[in-house]
Amino acid sequence: MIRLIGVAALFLAVGWGLGFTAVVTPAKEEPIDGAYRVVDTVAARYQTGVDEIRTGQPAAGRDNIERAIADLAAAGAVCAETSGCEVQRFMAAYHNLLTLRSDVLAGAAEEYVELQPELDAETPQAVLQPDVADTTAPFDGRDLIELIDLNSLVRAALHDWLTWMRPSLIDAYEHYLYLRPLMWPTYEAAGLPEALLFGILAKESGGRVHSVSRAGAAGPLQFMAHTGRRFGLGHDDGFDTRFDPTAATRANVAYLREQFAQLDDDLALALAAYNGGEGRIRRLVAGSDDPSFWNPAIFGQLPRETQEYVPYVLAAAWLFLHPNEYGLEFPRADTAHTRFELQHPKTLGELAICLGQDGTRAGWFRTLRNLNPRFEHDQRLPAGTRLAAPAALVGAYRRHCVAGPRRDLAQNLHDSRDERRDLLATRIYTVRSGDTLSTIASEQGCPSTRGIAHTNGIAGPRYLIRPGQKLELIGCGS
């Protein structure tokens with residue numbers, strides 16, 4: 001294993017070898033955050049260099065390409081000497097830039113540079129699994145109620161959950177009811193309270209398995225790609241396992257257990273690390289006489305998002321445990337799971353229409369999506385496909401979706417949607433930094449990620465795009 005100082009020396013040596021002496025040390029921000037920010041920006045500089053070479057400005061293009069590599073090398077050196085920074089992230093990105101640099105300068109310019117590549121299936125990964133035998137740590141037999149401080153910040157979060165955020169909390173609870181068999185057993189085996197799982201789920205995704213943030217966090221528990229890879233999440237036959245509720249829960253438990261071990265079993269600090277980054281939290285508590293999330297000296301240096309995130313999670317967990325005291329009525333449902341086989345080709349959208357509401361407040365679309373995350377909602381699934389669903393739906397499927405007026409209605413409405421999509425004018429969207437096909441599809445009201453990819457000739461499973469790229473959007477909302 002290369003020691004950190006050795007990696008730092010490697011990055012600095014390569015930077016000097018390229019002829020650049022500037023070391024990237026962003027001012028007025030934490031070293032890790034500044035170093036990571038470089039990873040997110042060098043792709044744009046690299047692409048600028050590619051475009052300049054193509055437009056007859058080879059000198060300027062080569063300069064931008066070389067500077068992108070030098071910036072990454074210098075940021076990697078900062079990372080290597082900073083506790084908690086993920087050096088592998090820079091090593092992988094650096095390898096890609098060097099390879100692409102050789103191709104571009106030789107005339108074979110690439111269209112995209114991926115700075116955080118997915119690991120190949122055969123690449124060893126450091127997967128941390130929860131210690132299921134240790135059922136009491138980190139709570140040491142204490143109830144979660146004992147660990148939640150109902151201070152003014154948590155009480156303010158309770159206020160929000162019970163007023164304008166109440167519909168979101170109710171929706172999250174209903175989604176969780178059907179996801180529970182896929183998620184709770186992992187928490188239970190690890191000795192973690194169910195209320196904590198619900199609190200995180202409610203704040204992170206609201207129980208929407210396919211949720212993707214603007215920053216690129218994905219899945220019911222919102223893992224960033226590089227963090228997910230540390231805990232066993234990645235791609236499986238083109239499917240991003242961050243969207244798998246069971247796999248995401250295992251990763252969540254493993255992450256929290258790691259943070260509990262490093263942060264003296266402090267729940268609030270572990271949640272802050274989950275949202276704001278473990279490196280930042282460890283640096284803030286190091287040497288503090290009061291290593292607490294609520295310590296003003298620590299709290300005041302956290303991002304606003306993290307300052308709000310922890311109280312909201314704790315408040316949602318508290319309401320999960322005390323609904324009656326707050327006049328909160330969570331829905332009830334029979335959530336036993338089964339699988340049934342499609343007798344005719346159907347999309348999940350068609351199934352949601354022919355099933356109707358039958359036993360739920362808002363229909364079955366989200367539940368079917370959540371329990372079958374590998375399928376796109378408008379993907380016509382062939383007869384014989386086995387779908388996961390609440391057991392209560394099997395009878396409704398046979399009554400309404402195999403034959404009869406609702407089956408015909410669902411197919412007719414689906415076909416009309418396709419016709420509308422074909423009639424809508426094509427729009428051109430310019431990719432921005434931080435965009436993914438998933439976030440574009442969500443924000444622009446597009447039917448699916450795969451639809452955009454197919455229209456624009458973008459190959460899966462990674463669906464790579466770059467800032468400045470023009471995409472045709474067909475059938476998307478305005």
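Is Cys354 buried or exposed? Cys354 is buried, with a relative accessible area of 0%. Buried here means under 20% relative accessible area, exposed means over 50%, and partly exposed is in between, using a 1.4 Å probe and protein chains only.

Before I go on, a word on the model. This is a predicted model, in which local features need pLDDT of at least 70 and side-chain atom pairs count only at pLDDT 80 or more, while totals for chains, interfaces and linings use all residues. Residues are numbered from 1 along each chain as its sequence is written, and side-chain values use heavy atoms, leaving out hydrogens and water.

Back to the cysteine. Cys354 forms a disulfide with Cys401, the sulfur atoms being 1.9 Å apart; the cut-off for a disulfide is a pair of cysteine sulfur atoms within 2.5 Å. The structure holds 1 disulfide. Cys354 sits in helix H15 (348-355) and Cys401 in the loop between helix H17 (393-400) and helix H18 (405-423), so the bond ties together parts 47 residues apart in sequence. Helices (H or I, at least four residues) and strands (E, at least two) are DSSP runs, numbered from the N terminus. The torsion about the S-S bond is about 105°, so this disulfide is right-handed. Cys401 is buried too, at 1%.

Next, the core. A nonpolar core is a set of buried Ala, Val, Leu, Ile, Met, Phe, Trp, Tyr and Cys residues joined through side-chain atoms within 4.5 Å. The largest one has 93 residues, and Ile200 and Leu351 touch the most other members. Leaving aside residues up to four places away in sequence, Leu351 touches Cys401, along with others including Phe340, Leu368 and Tyr397; contact means heavy atoms within 4.5 Å. There is also a second, separate core of 13 residues, with Val431 and Leu471 among them. In soluble globular proteins, nonpolar side chains tend to be buried together.

Now the salt bridges. The term means a side-chain nitrogen of Lys or Arg within 4 Å of a carboxyl oxygen of Asp or Glu. How many does a search of the whole structure find? The search finds 13 salt bridges.

Arg361 pairs with Glu174, their closest N and O atoms 3.1 Å apart. Arg361 lies in the loop between H15 and helix H16 (365-371) and Glu174 in helix H7 (166-189), so this pair ties together parts 187 residues apart in sequence. Glu174 is buried at 9%, while Arg361 is partly exposed at 46%. Asp171, Glu174 and Arg361 are linked in a network of salt bridges.

Asp236 is in strand S1 and Arg374 in the loop between H16 and strand S4 (386-390), 138 residues apart.

Arg450 belongs to helix H20 (449-455) and Glu376 to the loop between H16 and S4, so parts 74 residues apart in sequence are tied together.

Last, two backbone angles. Most residues other than glycine have a negative phi. Asp237 has a positive phi of about 55°, and Asp265 has a positive one near 60°. Asp237 lies in the loop between strand S1 (235-236) and strand S2 (239-240) and is exposed, at 78%. Asp265 lies in the loop between helix H10 (245-262) and helix H11 (267-276) and is partly exposed, at 33%.
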